[in-house]
Amino acid sequence: MGNFRFPVMLLLSVFVGSFSVASAGDFHQEFDLTWGDQRAQILNGGELLTLDLDKASGSGFRSKREYLFGRIDMQIKLVAGNSAGTVTAFYLSSEGPNHDEIDFEFLGNLSGDPYIVHTNVYCQGKGDREQQFYLWFDPTQHFHTYSIVWNQHRIIFLVDNIPIRVFNNEESIGVPFPRNQPMSIYSSLWDADDWATRGGLVKTDWSKAPFTAYYRNFKANACTWSNGKSDCASQVLNAARNNVWQTQALDASGRRRLRWVQRYFMVYNYCADLKRFPQGRPRECRRSRFL
């Protein structure tokens, strides 16, 4: 990421000891390749999944299971080189017009310029809660772990176990929170050059196609939903699970890391966009320092 600079010593002091590798999951058992024909592939006996994008089509996959709360981890290596115009999306979503959704979207850029991580939370079909961040590393050189912690109290977005965003349950002041609709895991690689890079000013360079994103080491420590109920209702299954995520919040170290990310790497915060909300900021923006 040749043109991008960041506070290295602060990064090292925050990062050391914060990252642990998720155990490998079998993509054959956990996911269906849903579109893109042969552009989506599961390789290495189920240990690696790749998505390709060319001028004809992108590609995507979806989890076989649905989840209602949990911690989801995926290691991803993003599209390398000139990725301008491309979007790699990794998200949880329910179905229907009033769906819930928790989004990571990685917006490609010209070679040497940093990727932007776009996050959003939808509840009952309404989103408009965007926050965007630069990454403090080149996400195309190695795999990095992107995680969503979703419990009754909050949603935490993490990169290599460093929190970048927290969306708290503020139903007590009338802010909807996704807690009733089970969600599947989705990922896709697609062309969005009408908006993805510099608001659509930089277009996809198809001479660089195919563009490829790589996935490995999927892990879901979560409540699966089947036949109208959650398996977390079973005391036996629940006792056998590592349930830290069910009440997970940020401790003092996590709050320091979050402040570091928001101070040095935040690109856009809907809560600070006063022109967008002339009648006043959304209610959740007035309540918490960490959104």
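Let's start with contacts, meaning heavy atoms within 4.5 Å. Of the contacts in the protein chain with a separation of 6 or more, 68% are between residues 24 or more positions apart. Please keep in mind that this is a predicted model, where local features need pLDDT of at least 70, side-chain atom pairs count only at pLDDT 80 or more, and totals for chains, interfaces and linings use all residues. Residues are numbered from 1 along each chain as its sequence is written, and side-chain values use heavy atoms, with hydrogens and water left out.

Now the overall picture. The protein chain has four helices and 16 strands; these are DSSP runs numbered from the N terminus, H or I of at least four residues for helices and E of at least two for strands. Of its 291 residues, 55% are buried, that is, under 20% relative accessible area with a 1.4 Å probe, counting protein chains only. The accessible surface is about 13500 Å², and 48% of that belongs to carbon and sulfur atoms. That area comes from the Shrake-Rupley method with a 1.4 Å probe.

On to the sheet. Which strands form it, and in what order? Eight strands make an open sheet, running β1-β4-β13-β6-β7-β8-β9-β16, with antiparallel pairing. Its edge strands are β1 (31-35) and β16 (266-269), each pairing on one side only. Two strands pair if DSSP finds at least two bridges between them. Inside that order, β7 (residues 101-107) and β8 (residues 116-122) pair in the antiparallel sense over seven bridges. If you'd like one to look up, aspartate 103 has asparagine 120 in β8 as its bridge partner.

Next, helix α4, residues 252-264. Its 13 residues reach 19 Å from first C-alpha to last, close to the 18 Å expected at 1.5 Å a residue; the expected span is 1.5 Å times one less than the number of residues. Buried in α4 are Gly254, Arg257, Leu258, Trp260, Val261 and Gln262. What caps the N-terminal end of α4? Aspartate 251 does, with a side-chain oxygen 3.2 Å from the backbone nitrogen of serine 253.

Finally, let's visit serine 230, in strand β15 (residues 229-230). Is serine 230 buried or exposed? Serine 230 is buried, because its relative accessible area is 17%. Leaving out residues up to four places away in sequence, serine 230 touches Cys223, Thr224 and Trp225. Its side chain also reaches the backbone nitrogen of cysteine 232 at 3.0 Å.

How values were computed: Buried < 20%, exposed > 50% of the residue type's maximum accessible area, 1.4 Å probe, protein only. Polar contact = N/O pair within 3.5 Å; in protein donor to acceptor, adjacent residues only side chain to side chain.
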